[in-house]
Amino acid sequence: MKGPLAPLRSYGTAVRLLMVNQFAINLGFYMLMPYLAVHLSGTLGMAAWTVGLVLGVRNFSQQGMFLVGGTLADRLGYKPLIVAGLLLRTGGFAVLGLVGSLPALLAASAAVGLAGALFNPASRAYLAVEAGERRVEAFALFNVFYQAGILLGPPVGMLLTGAGFRVTCLTAAGIFAALGAVQIRRLPARRAEGPAGRGDGRHPSVLAQWRGILANRPFVLFSIAMAGSYVLSYQVYLALPLEVRRLGGPGHFGTAATAALFAAPGLLTILLQTRVTAWCRARTTSGRALVWGLLAMAAAFAPLLPASALPLPDGDGWRWLHAAGMPVLAAVLLAVGTMVAYPFEMDILVGLSGDRLVATHYGLYNSVCGIGITLGNLLTGAALDAARAAGVPSLPWLALLVLGVLCAGALLALERTGRLAPPGRGAPAEPAAA
């Protein structure tokens, strides 16, 4: 039986390097970032609001600059942006471990976020262009490497942090420095097709390109619909750990259950992603597979509806099973939905771009989804507090389920009207402006 990484051998050097690159990026990131808040509040003695500010600057810098990073990648080439992002994150992580003043920490946090905005759109656009007609399979494999880095990063970071947070920071910085050196030496140069890549001698202004993308109504509608899916998947970091803590308490049981929220979906994705993608590709279109994925993500919150209303059982063992069971099941179903949706999501995104300015499209798409995550988290957090105060703890889960169904319905409507087909195929595209 072939392993989940067996298809990697069939791709060229650039694709294989991008896969390993993403694994190492996530390994370095997740071995450091989960422990940064503890370092800031504990070792450095910072107030909670200051810790939130440092972490928030990183997220704002990354989400806010995705469009700029994608635009630069399409204009300057993918390789320079990948290398620049890796080297910038090298410096940012090193500074996080070496300084203690707030201004320096804010600058380092901003650099870490900006680095992600530079290499993320470039690497995904590079992968889409290099994989060609095999991009669905390539993005499925990409997700395996992505999840493997997330899975291994925290335990590696925990071991290193035992020797000191500075060791963790410098090790993570070393990983990114090594990656940058490898990209400089081994990654072939690749440019975008069309005007932004200087292929025809013309250079439309950046604002003109952005206006053109915003006038691509199917792409904009697709981005808004998919933002809801990111709100759902992000609950692994917000609502589900809070539910585990509410049910299991703050002790070792709650900690183990929270760890299972991340470990179980990661292992499932590594083992099954490529098979799930092959199964879906053989049976349906990209648009329908995306609808299936969103419905699976919506269904993830169904088991929590009755579980949140049940009384807590007596005994530590039964209490832990109650606390872990339904939230972990929800996390697994979210992972299944993501496995189904992600490769086809990337395929449709590239198709809607018309294979031009792919990195810019990806940058705008990620910014829209980032805004959705921010608003969704604010509303989810407020709903959790209000629902528990009112004695109806199942209400937030019902709202998330409904959100998933609505997003799936919106994608189904786009698919049936041909708006998810690449320009020139399927139903005629809607006019750019009314």
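Residues are numbered from 1 along each chain as its sequence is written, and side-chain values use heavy atoms, with hydrogens and water left out. As the model is predicted, local features need pLDDT of at least 70 and side-chain atom pairs count only at pLDDT 80 or more, while totals for chains, interfaces and linings use all residues.

A search of the whole structure gives 12 aromatic pairs. Rings of Phe, Tyr and Trp (its six-membered ring) pair if their centres lie within 6.5 Å; planes under 30 degrees apart count as stacked, over 60 as edge-to-face and the rest as tilted. Phe139 and Phe142 are edge-to-face, because their ring centres are 6.2 Å apart and their planes stand at 75°. The two residues are three apart in helix α6 (residues 135-161), so about one helical turn separates them. Helices here are DSSP runs (H or I, at least four residues), numbered from the N terminus.

Phe139 also pairs edge-to-face with Tyr342, at 6.2 Å centre to centre and 80° between the planes. Since Phe139 belongs to helix α6 and Tyr342 to helix α14 (residues 316-352), this pair ties together parts that are 203 residues apart in sequence. Phe139 counts as buried at 1% relative accessibility, and Tyr342 is buried at 12%; buried means under 20% relative accessible area, exposed over 50%, partly exposed in between (1.4 Å probe, protein chains only).

Elsewhere, Phe29, Tyr30, Phe93 and Phe176 make up one aromatic cluster.

The axes of helix α15 (residues 358-389) and helix α16 (residues 395-416) come within 8 Å and cross at roughly 145°. Axes are lines fitted to C-alpha atoms, for helices over the stretch in contact, and angles run from 0 to 180 degrees between N-to-C directions.
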